[in-house]
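These are my notebook entries on a single chain. I record what I looked up, in the order in which I looked.

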Amino acid sequence: MIQLTPHMRILVAVEPTDFRRGIDGLCRVCRQELSAEPMSGALFVFRNRRAKAVKILVYDGQGFWLCQKRLSSGKFKFWPADREGGRSRRLEAHELQVLLACGDPSAAPGAPPWRPIGEKIFTYKGRRPLRARTRRATSRVMDASVPAFV
């Protein structure tokens, strides 16, 4: 099973690819056209000329995974275009999920992948932190001697 995490490097081929190619042919496309190493652990996404199917190629350390999704009706209407004129574009994990659901990945802004160090996690009200108040309330409900409706 392939798990998409926010830390994965996901590269989408902007131009359509010949879907008669298998793992070896798509590895050659990665090296020659996308200038990327297919055994790096990055996830590569390709689409066919009619925009009805998508192939995903990824190396997991033991071997290659090649997954294909073919739509029964309709097309992938929104396909990422490279802004610098290259042949590939990098996507975030949530954008790939939107793309695979036939949505527009550019219209789905996600949460920032990191937050600055030193940012306060808990807010304080008066003297006690909210976390301590929540912990005390939870322990009272969990106590078997106190009825749950109190």
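Entry 1. Leaving aside neighbours within four places in sequence, with which residues is Trp-79 in contact? I note first that the model is predicted. I looked up the contacts of Trp-79 and found Val-12, Ala-13, Val-14, Val-45, Phe-46, Arg-47, Val-54 and Leu-99. I then checked its accessibility: with a relative accessible area of 15%, Trp-79 falls under the 20% limit and therefore counts as buried.

Entry 2. I turned to the aromatic pairs. A search of the whole structure returned 2 of them. Phe-76 has a relative accessible area of 4% and is buried.

Entry 3. I asked which residues have the most contacts inside the largest nonpolar core. They are Ile-10, Leu-43, Val-45, Val-54, Ile-56, Trp-79 and Leu-96, in a core of 16 residues. At least two core residues come from each of β1 (10-13), β2 (43-47), β3 (53-59) and α2 (93-100). The greatest contribution is that of α2, with 4 residues. Apart from this core I found another, of 14 residues, which includes Phe-19, Cys-30, Ala-53 and Leu-57.

Entry 4. I examined helix α1, residues 23-32, and listed Gly-25, Leu-26, Cys-27, Val-29 and Cys-30 as buried. Among the elements that cover these buried residues are β2, β3 and β4. I also looked at Phe-19: Lys-55 lies over the face of its ring, at 5.0 Å from the ring centre.

Entry 5. I followed the pairing of β3 and β4, which is antiparallel and runs over 7 bridges. Ala-53 has Arg-70 in β4 as its bridge partner. The hairpin of these strands has 4 residues between them, and Gly-61 in it takes a positive phi near 105°.

Entry 6. Which residues does Lys-75 touch, not counting those up to four places away in sequence? I found Arg-50, Ala-51, Lys-52 and Cys-102. Lys-75 itself lies in the loop between β4 (64-70) and β5 (88-91). At 48% relative accessibility it counts as partly exposed. The C-alpha atoms of Lys-75 and Ala-51 are separated by 5.4 Å, although the residues are 24 apart along the chain.

Entry 7. Most residues other than glycine have a negative phi. Ala-51 has a positive phi, near 60°, and Cys-102 has one of about 65°. Ala-51 is found in the loop between β2 and β3; its relative accessibility of 8% makes it buried. Cys-102 is placed in the loop between α2 and β6 (124-125); at 31% it counts as partly exposed.

Entry 8. Finally I checked the confidence. The mean pLDDT of the chain is 81, and 73% of its residues reach 70 or more. Over residues 132-143 the pLDDT is below 50, and this stretch has 4 contacts in the model beyond near neighbours in sequence.

Conventions
Residues are numbered from 1 along each chain as its sequence is written. This is a predicted model: local features need pLDDT of at least 70, side-chain atom pairs count only at pLDDT 80 or more; totals for chains, interfaces and linings use all residues. Side-chain values use heavy atoms; hydrogens and water are left out. Buried means under 20% relative accessible area, exposed over 50%, partly exposed in between (1.4 Å probe, protein chains only). Contact means heavy atoms within 4.5 Å. A nonpolar core is a set of buried Ala, Val, Leu, Ile, Met, Phe, Trp, Tyr and Cys residues joined through side-chain atoms within 4.5 Å. pLDDT is the predictor's confidence in each residue, from 0 to 100. Rings of Phe, Tyr and Trp (its six-membered ring) pair if their centres lie within 6.5 Å; planes under 30 degrees apart count as stacked, over 60 as edge-to-face and the rest as tilted. A charge sits over a ring if NZ of Lys or CZ of Arg is within 6 Å of the ring centre and within 35 degrees of the ring normal. Two strands pair if DSSP finds at least two bridges between them.
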